Amino acid sequence: MQNYAESIKNFVARHAIGLTVAFVGGTGVLALRRWLAGGVCRSKVRLDGKTVLITGANTGIGKETALDMAQRGARVILACRDMTRARIAADEIRQQSGNGNVVVKKLDLTSLKSVRDLAKDVLENEKRLDILINNAGIMMCPKLITEDGFEMQFGVNHLGHFLLTNCLLDLLKKSTPSRIVIVSSLAHEKGHIHFDDINLDKNYQREVSYRQSKLANVLFCRELASRLQDTGVTVYSLHPGVIRTELGRHLFPTLALWKRIIAMPFFMLIKSPWEGAQTSIYCAVDESLANVSGLYYSDCAAKTPAPQALNDAAAKKLWDLSASMVGLA
């Protein structure tokens, strides 16, 4: 035993610098990982008797958000395209939360008919809607067209949710105080609304399309909040962070092999779905936001969005264009 202890002592003495570097490096990585995890919603508010609808809630941050809402006692509606996966997710949420009031409804954001069908279902069968979380999205896909002829990322990330929200506004107003949460992205900072070529037919680039759709989310939040002043309905947009979810399924396979190899270690540092859901949950339930509307959040705190996201004239112009595209009076 004495020889063993002496061997360890000698090893430490010979490799003191290397061990120190390893310790400091490891501590630094852990600190970086904790910093990248971002804020956590600390609110303990209960949602018993309230109804929450979340789009794209069968996976990723949507599913984690749905689980949190269920644990708070809410009736949770998972509005999803893939009904098989949605039913599996609903079963898991019921089991983990102990809340049996978790239901699944069909929503395909690539189809305005599907959006209207869901809204009709909700209006006919739900007595109230306290929280609407526009979470579903698509990122960096190749040039694709929705059922109604819109560019896919703009159609799914913005137009589908724009129509859904407007169709459900009356029920939200009847359920006040109520909230609308719109999941955007830091990508909006490099975004530009191409009013003269909204579907990017002239020069489609997937990153340009994604940034446009995320900027549209923030502008939608701003204009909607303005229109809903003094109604008891408040609106929030947010950046959830860089997260390990299926959202990047169109991007990662297209990267060169060497880029994928380099990127792999970084996947250990980015947010988990639970961490990524925290700002959505914060905007949905935190008591301190009850009288705040139209702001942009990241890591459970209000942040200043890009200058182009603060342009009221662009927000109104986008609203009018979106209303025309989806057929709203």
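Ser213 sits in helix 7. Helices (H or I, at least four residues) and strands (E, at least two) are taken as DSSP runs and numbered from the N terminus. The model is a predicted one, in which local features need pLDDT of at least 70 and side-chain atom pairs count only at pLDDT 80 or more, while totals for chains, interfaces and linings use all residues. Residues are numbered from 1 along each chain as its sequence is written, and side-chain values use heavy atoms, with hydrogens and water left out.

Back to Ser213: its relative accessibility is 0%, so Ser213 counts as buried. Here buried means under 20% relative accessible area, exposed means over 50%, and partly exposed is what lies in between (1.4 Å probe, protein chains only). Not counting residues up to four places away in sequence, Ser213 touches Gln153, Phe154, Asn157 and His158, where contact means heavy atoms within 4.5 Å. Ser213 and Ile198 are 15 residues apart along the chain, and their C-alpha atoms are separated by 9.9 Å.

As for the chain in general, the secondary structure comes to ten helices and eight strands. Of its 329 residues, 50% count as buried. Among contacts with a separation of 6 or more, 77% come from residues 24 or more positions apart. The chain exposes about 16,000 Å², and carbon and sulfur atoms supply 57% of that area; accessible areas come from the Shrake-Rupley method with a 1.4 Å probe, and for residues only the protein chains shown count as cover.

Now for helix 10. This helix spans residues 312–326, 15 residues in total, and reaches 21 Å from its first C-alpha to its last, close to the 21 Å expected at 1.5 Å a residue. The expected span is 1.5 Å times one less than the number of residues. Ala314, Ala315, Leu318, Trp319, Ser322, Ala323, Met325 and Val326 are the buried residues of helix 10. They cover an arc of only 165 degrees around the axis, which puts them on the same side of helix 10; the arc is that of the directions from the helix axis to the C-beta atoms. These buried residues pack against helix 5 (112–125), helix 6 (152–174) and helix 7 (206–227). On the face turned away from the buried side, helix 10 carries the exposed residues Ala313 and Ser324.

Both ends of helix 10 have something to show. At its start, a side-chain oxygen of Asn311 reaches to within 3.0 Å of the backbone nitrogen of Ala313. Just after helix 10, Gly327 takes a positive phi of about 85 degrees.

Asp312 belongs to helix 10 and is partly exposed, with a relative accessible area of 46%. Setting aside neighbours within four places in sequence, Asp312 is in contact with Arg222 and Glu223. Its side chain makes a polar contact with the side chain of Arg222 at 2.6 Å. A polar contact is a pair of N or O atoms within 3.5 Å; within protein, one must be able to donate a hydrogen and the other to accept it, and residues adjacent in sequence count only if both atoms are side-chain atoms. Asp312 and Leu219 lie 93 residues apart along the chain, with their C-alpha atoms separated by 7.9 Å. Glu223, found in helix 7, is buried, with a relative accessible area of 11%. Beyond neighbours within four places in sequence, Glu223 is in contact with Asp312, Ala315, Lys316 and Trp319.

Turning to the strands, six of the six residues of strand 5 (residues 178–183) are buried, so this strand is largely enclosed by the rest of the structure. Ser178, Ile180 and Ile182 point one way from strand 5, Arg179, Val181 and Val183 point the other way, and all are buried. Strand 4 (residues 131–134) runs parallel to strand 5 and is joined to it by four bridges; two strands pair if DSSP finds at least two bridges between them. Val181 in strand 5 has Ile133 standing opposite.

Four bridges also link strand 6 (residues 233–239) with strand 7 (residues 295–298), again running parallel. His239 has Ser298 of strand 7 as its bridge partner. Strand 7 and strand 8 (residues 301–303), by contrast, run antiparallel and are joined by three bridges, with Lys303 in strand 8 as the bridge partner of Tyr296. The hairpin of strand 7 and strand 8 has two residues between the strands, and Asp299 takes a positive phi near 50 degrees there.
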